[in-house]
Amino acid sequence: MEFLRPASWDEALAAKARHPDALPLCGGTDVMVELNFDLRRPPALLDLTRVAELTTWSDDGAVVRLGAAVPYSRIIAELSGPLPGLALAARTVGSPQIRNRGSVGGNLGAASPAGDAHPALLAAGRDVAVEAASVRGTRLIPIDAFYTGVKRNALAADELIRAVRIPVADGPQQFAKVGPRNAMVIAVCAFGFALHPRTGTVGTGIGSAAPTPRRAVEAEEYLRGEFAGRGLWERGGTLEAGLVRRFGELVAAAAAPIDDVRGSAAYRRHALAVIARRTLTWTWNEHRRQIRSTA
Ligand SMILES: Cc1cc2nc3c(=O)[nH]c(=O)nc-3n(C[C@H](O)[C@H](O)[C@H](O)COP(=O)(O)OP(=O)(O)OC[C@H]3O[C@@H](n4cnc5c(N)ncnc54)[C@H](O)[C@@H]3O)c2cc1C
């Protein structure tokens, strides 16, 4: 197996153009497991750990540009303010060792339906985009178009993920994950939720309950209509139990889960409805607190 070790981003893109079948490696927490268990035997590895710019992020006040290899531990420590949903999701990934190496770029590269970054990215808004680059140039792939199938994504063979662009949170965000214990679990199901008071919308992201991470579009539309119709954004009133329940039902209906060793499809739907109701309630209570404190 060839081992390619570019020292710069341009060298990395040139290497990927010459060797489109080379497997990129960021933190290696997925790649090394696959190699060690002989699940994959790529002709070449493209080690990106020397490309310093992949481990940087910037924030212009509106959008965070998160380098593909920024590890989860730094997202938690440095980005809980602008990206609260993603930081909460990062807290649930693996163990401290995995969080020190694993990255959102790697989560996107693997595109597992159980990846924890995905629900948070989907919920963060429709403007979230993956920066994909090759020697041919750079393109922005909207997050909704990125997941194309089970462990498949929209990258071309010569493309690498450089960064992810994520709007700075304009309201409370939450992430909840169901698993048999608190750490080191692949999600039985997961849910990301965000309030976007500036646009009067909400964002959702379902994990581990469909072939790809996906939104609960009808549930988002339902809340948008109800919040606007009842003037809830301005008033910050309490949410009726029926509204919260209906939201949970619509989220569960948006999933397409399977029965597997981690849980049955019926359990996944049930659990999704529960965590959808909880994350809505938590974020709404936080929104009300914010309204009261600025009144
Ligand atoms: C013990 C253990 C526990 C785990 N727990 C969790 C968990 O709780 N939640 C969770 O979501 N995941 C978990 N994972 C999986 C893994 O840690 C995550 O998917 C992580 O985000 C992968 O990031 P990485 O940087 O290590 O990716 P890598 O292993 O380096 O790469 C992963 C994939 O992305 C591709 N890739 C990497 N970088 C790029 C790039 N720049 N451009 C294009 N493709 C790229 C690689 O070729 C590979 O296909 C766990 C793994 C282990 C071993």
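**View 1. The second largest pocket of this predicted model.** The second largest pocket has a volume of about 410 Å³, where a pocket is, on a 1 Å grid over the protein atoms alone, an open set of points with protein on both sides within 12 Å along at least five of seven lines. Its volume is the space filled by probe spheres set on the grid points, which are joined across faces, edges and corners. The pocket is lined by 22 residues (lining residues have an atom within 4 Å of a point), and G125, R126, H196, T199 and T201 lie nearest its centre. At least two lining residues come from each of β13 (201-207) and α9 (217-229), and α9 gives the most, with four residues; helices (H or I, at least four residues) and strands (E, at least two) are DSSP runs numbered from the N terminus. The lining divides into seven nonpolar, seven polar and eight charged residues, with Ala, Val, Leu, Ile, Met, Phe, Trp, Tyr, Cys and Pro counted as nonpolar, Asp, Glu, Lys and Arg as charged, and the others, Gly among them, as polar.

Residues are numbered from 1 along each chain as its sequence is written. Because the model is predicted, local features need pLDDT of at least 70 and side-chain atom pairs count only at pLDDT 80 or more, whereas totals for chains, interfaces and linings use all residues, and side-chain values use heavy atoms, with hydrogens and water left out.

**View 2. The salt bridge between R126 and E220.** The closest N and O atoms of R126 and E220 are 3.4 Å apart, a salt bridge being a side-chain nitrogen of Lys or Arg within 4 Å of a carboxyl oxygen of Asp or Glu. R126 lies in the loop between α7 (117-123) and β6 (129-134) and E220 in helix α9, so the pair ties together parts that are 94 residues apart in sequence. The structure holds 20 salt bridges.

View 3. Polar contacts are pairs of N or O atoms within 3.5 Å. An oxygen atom of the ligand is 2.6 Å from an N or O atom in the side chain of S103, and a ligand oxygen is 2.8 Å from a polar backbone atom of G27.

**View 4. The largest cavity.** The largest cavity has a volume of about 40 Å³, a cavity being a set of grid points where a 1.4 Å probe fits but cannot get out.

Methods
A polar contact is a pair of N or O atoms within 3.5 Å; within protein, one must be able to donate a hydrogen and the other to accept it, and residues adjacent in sequence count only if both atoms are side-chain atoms.
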